Amino acid sequence: MRAVVYDRYGPPEVLRLEEVECPVPQDDEILVKVHATTVNRTDCGWRKAEPFFVRYFIGLRRPKRRILGMELAGVVEAVGPAVTEFEVGDEVFGVKGFGAHAEYTCIREQGAVARKPTGMSFDEAAAVCDGALIARSCLRNADLRPGRSILVYGASGSVGTAAVQLARDLGAEVTAVCDTKNLELVRSLGADHVVDYLQQDFTKNGETYDVVFDAVGKHSFRRSRRSLKPGGLFVDTDLGFMWHLPLVVLATRWIGDKKAVLGITKYTKADVLHLKELIEAGKYRAVIDRRFPLEDVVQATRYVETGQKTGNVVLTVAGGNGTGDAP
Ligand SMILES: NC(=O)c1ccc[n+]([C@@H]2O[C@H](COP(=O)([O-])OP(=O)(O)OC[C@H]3O[C@@H](n4cnc5c(N)ncnc54)[C@H](OP(=O)(O)O)[C@@H]3O)[C@@H](O)[C@H]2O)c1
């Protein structure tokens, strides 16, 4: 099969397309013929081995796993003997650690995978799990419900567009912060209020929120503190400048009534099933910026690393015509 491989850490150019052995499913795995996958920020982090400590998990000197790719949507091609939930021919979507930048990949039946939402294309289904499951994990203890308010900073990214939709579904009052070109998009995703960060600094407009969610790792507890209501929660997706956030999290446990939290993501089947329900109920949709064919993975990765993508960047694999919306 064709797969994107890399043998050393480095810039996007370390990625190349190669013929490799097709994986064989273990007893509890399904083999998926991948129709679409994505390039996301975690794929980029693994490829660059950034931050440095990730080498401890993925290989000290060189990558232990040669194929990146987390999100997938495709068709079940084979099942291991212990698999009971899926059958050959089922259309599925989900998210895993590695291996989806390929024509075929295996995923555990009990992993973060489910039948593809009815009426959703493979491209769209590939582009929903990572952002939504990160946002859902980060906001799990934020007690979002009617009467509570949240500000989503970086609302136009993969995690941000997901957070706006999930918070809206829970009934919270949502304020989305993004730049001018994405204001209409975030409104269409359900934001009650929008703030254009090029025109206005939300920390200086006098508004306060129960939750401030930094969905892009570019803000800080210190700067957002005055925008939090008493007892408010600041949630970040990132360790922050010089990895200061864990210290702030600890400090705010003891000092003051406003807390900081670092979101830790766990990809679970239950969350994928919840997402499928939301999609089928018309309460959640995929936000796709650009599509690239698998062979243009370097170009796709360079675009993701601009830090300016809106929502998600898809790689089309089986059935991709190589053009899509790519520039
Ligand atoms: N906690 C976890 O387990 C976990 C896992 C993976 C990733 N992450 C983190 O999740 C975060 C978000 O990832 P992502 O994939 O959603 O990011 P992304 O899609 O690459 O975010 C890009 C978007 O952020 C906006 N943006 C960039 N700089 C901004 C700024 N200074 N202020 C406001 N908006 C800004 C960009 O819009 P403009 O056009 O306005 O620039 C663009 O739409 C990252 O910090 C990543 O490290 C966390």
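**Salt bridges**

I counted 26 salt bridges, taking a side-chain nitrogen of Lys or Arg within 4 Å of a carboxyl oxygen of Asp or Glu as one. The model is predicted, so I kept to its limits: local features need pLDDT of at least 70, side-chain atom pairs count only at pLDDT 80 or more, and totals for chains, interfaces and linings use all residues. Residues are numbered from 1 along each chain as its sequence is written, and side-chain values use heavy atoms, with hydrogens and water left out.

I looked up Arg115 and Asp90, whose side chains form a salt bridge at 2.9 Å, N to O. Arg115 is in strand β7 (residues 112–115) and Asp90 in the loop between β4 (71–79) and β5 (91–95), so the pair ties together parts 25 residues apart in sequence. Helices (H or I, at least four residues) and strands (E, at least two) are DSSP runs, numbered from the N terminus.

Is Asp90 buried or exposed? Asp90 is buried, at 14% relative accessibility, while Arg115 is partly exposed at 34%. Buried means under 20% relative accessible area, exposed over 50%, and partly exposed in between (1.4 Å probe, protein chains only).

I also noted a salt bridge between Asp201 and Lys204 at 3.6 Å, N to O. Lys204 is exposed, at 69%.

A network of salt bridges links Asp7, Arg16, Glu18 and Arg66.

**Ligand**

I then checked polar contacts, pairs of N or O atoms within 3.5 Å. A side-chain N or O atom of Tyr153 lies 2.7 Å from a ligand nitrogen. For Lys218 the corresponding distance to a ligand nitrogen is 3.2 Å.

Definitions and conventions. A polar contact is a pair of N or O atoms within 3.5 Å; within protein, one must be able to donate a hydrogen and the other to accept it, and residues adjacent in sequence count only if both atoms are side-chain atoms.
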